[in-house]
Amino acid sequence: MIKIWGRKDGSNVVKAMWCVGELGLEHERIDWGGKFGGNDDPEYRRKNPMGRLPTLEEEDGFTLWESGPVVRYLCAKHSMGDLCPDTLQGRAEAEKWMDWSSLNLANFNGVFLDYFFRLPKDQRDPDVLKAAVERGAEMYDILEKVLADRPYLCGDKLTMAEIPAGSLTHRWLTWPDSHPSHPNVEAWYKRLAERPAYQEHVIKANNVPAK
Ligand SMILES: N[C@@H](CCC(=O)N[C@@H](CS)C(=O)NCC(=O)O)C(=O)O
């Protein structure tokens, strides 16, 4: 059975776990990092020298860190031709969205975590939040255009392209004051939210402050 090391509400753990859920893989998730600690545990550092989450561990001892490669690896191993497109160009397109989303949609996440969870109320700066929302909205303008003529990022069906973008979009759409309207993105999110694995590993796992 595979192991996933990482607290279930870490945005990068969410990606790995949604993937595991879509693939229906038997697994054990080990609470690690955040309030659970263990990041600097020497044995953990041997698996993941960054001490961060998630880390995948296969039964044969193979370990992999970095959520994007974990998702690519699991999809290529268990879902070639489905979640992992089996043409070179199809796969490259899916990987493009994965990298683009992790680089461009995640920026607001740290700002929102600070604003809504980490900072005392008197240190929360609405201008910093506003700037993050504006930057995020520009990125969602791009997704809005892509999703105008297709239900999923790479066409007619869900692929691994959705996993980073879809994981982060739950936070974007549900956190207070987070977004101007993007109807195509919202329709895509509703499609994702119908999936049992998304409900379990993205929606239920996230800790969203009350509006
Ligand atoms: N680029 C890495 C980032 C990993 C990362 O920063 N993970 C966060 C959780 S989402 C973490 O380990 N935070 C420290 C902690 O939770 O203890 C990836 O995509 O896996």
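Residues are numbered from 1 along each chain as its sequence is written, and side-chain values use heavy atoms, with hydrogens and water left out. Because the model is predicted, local features need pLDDT of at least 70 and side-chain atom pairs count only at pLDDT 80 or more, while totals for chains, interfaces and linings use all residues.

The protein is divided into domain 1 (2-78) and domain 2 (88-195). These bounds come from an automatic or database domain assignment. The centres of the two domains, taken over C-alpha atoms, are separated by 22 Å. Domain 1 gives 13 residues to the contact and domain 2 gives 17 residues. Contact here means heavy atoms within 4.5 Å.

Between them, domain 1 and domain 2 bury about 1200 Å². Carbon and sulfur atoms carry 65% of this area. Buried area is the accessible area (1.4 Å probe) that two parts lose on being put together, summed over both. On the domain 1 side, Lys15, Trp18 and Arg72 supply 54% of the area buried against domain 2, more than any other three residues.

Polar groups also meet across this interface. The count is 6 residue pairs in polar contact, with both residues at pLDDT 80 or more. A polar contact is a pair of N or O atoms within 3.5 Å; within protein, one must be able to donate a hydrogen and the other to accept it, and residues adjacent in sequence count only if both atoms are side-chain atoms. Helix 1 (11-23) and helix 3 (67-78) are the elements that give two or more residues to the side of domain 1 that touches domain 2. Helix 1 provides the largest share of that side, 6 residues. Helices (H or I, at least four residues) and strands (E, at least two) are DSSP runs, numbered from the N terminus.

The largest nonpolar core has 63 residues. Those with the most contacts inside it are Trp18, Leu74, Leu105, Phe112, Leu143, Leu153 and Trp188. Both domain 1 and domain 2 give residues to this core, so it lies between them. A nonpolar core is a set of buried Ala, Val, Leu, Ile, Met, Phe, Trp, Tyr and Cys residues joined through side-chain atoms within 4.5 Å. Leu105 touches Trp100, Met139, Tyr140, Leu143, Ala165 and Leu168, not counting residues up to four places away in sequence. In soluble globular proteins, nonpolar side chains tend to be buried together.

A search of the whole structure finds 15 salt bridges. Each is a side-chain nitrogen of Lys or Arg within 4 Å of a carboxyl oxygen of Asp or Glu. The interface of domain 1 and domain 2 has 3 salt bridges. Arg72 and Glu95 pair through their side chains at 3.3 Å, N to O. Glu95 also forms a salt bridge with Arg91, the closest N and O atoms being 3.9 Å apart. Arg91 and Glu95 are 4 residues apart in helix 4 (residues 88-104), so about one helical turn separates them. Glu95 is partly exposed, at 23% relative accessibility. Buried means under 20% relative accessible area, exposed over 50%, and partly exposed in between (1.4 Å probe, protein chains only).

Elsewhere, Lys204 forms a salt bridge with Glu200, with the closest N and O atoms 3.4 Å apart. Shared partners join Arg72, Arg91, Glu95 and Asp99 into one salt-bridge network. Arg45 and Asp40 form another salt bridge, at 2.6 Å, N to O. Arg45 is partly exposed at 31% relative accessibility, whereas Asp40 is exposed at 58%.

Tyr44 lies in helix 2 and is buried, at 1% relative accessibility. Among the residues that Tyr44 touches are Trp5, Trp32, Leu53, Pro54 and Thr55. The side chains of Tyr44 and Thr55 are joined by a polar contact of 2.8 Å. Asn48, in the loop between helix 2 and strand 3, is buried as well, with a relative accessible area of 2%. Its contacts, leaving aside neighbours within four places in sequence, are Leu53, Pro54, Thr55 and Trp65.

A cis peptide bond joins Leu53 and Pro54, with omega about 5°. Pro54 is placed in the loop between helix 2 (42-47) and strand 3 (55-57). Glu66 has a positive phi, near 85°, in a residue other than glycine. Glu66 lies in the loop between strand 4 (63-65) and helix 3, and is partly exposed, with a relative accessible area of 47%.
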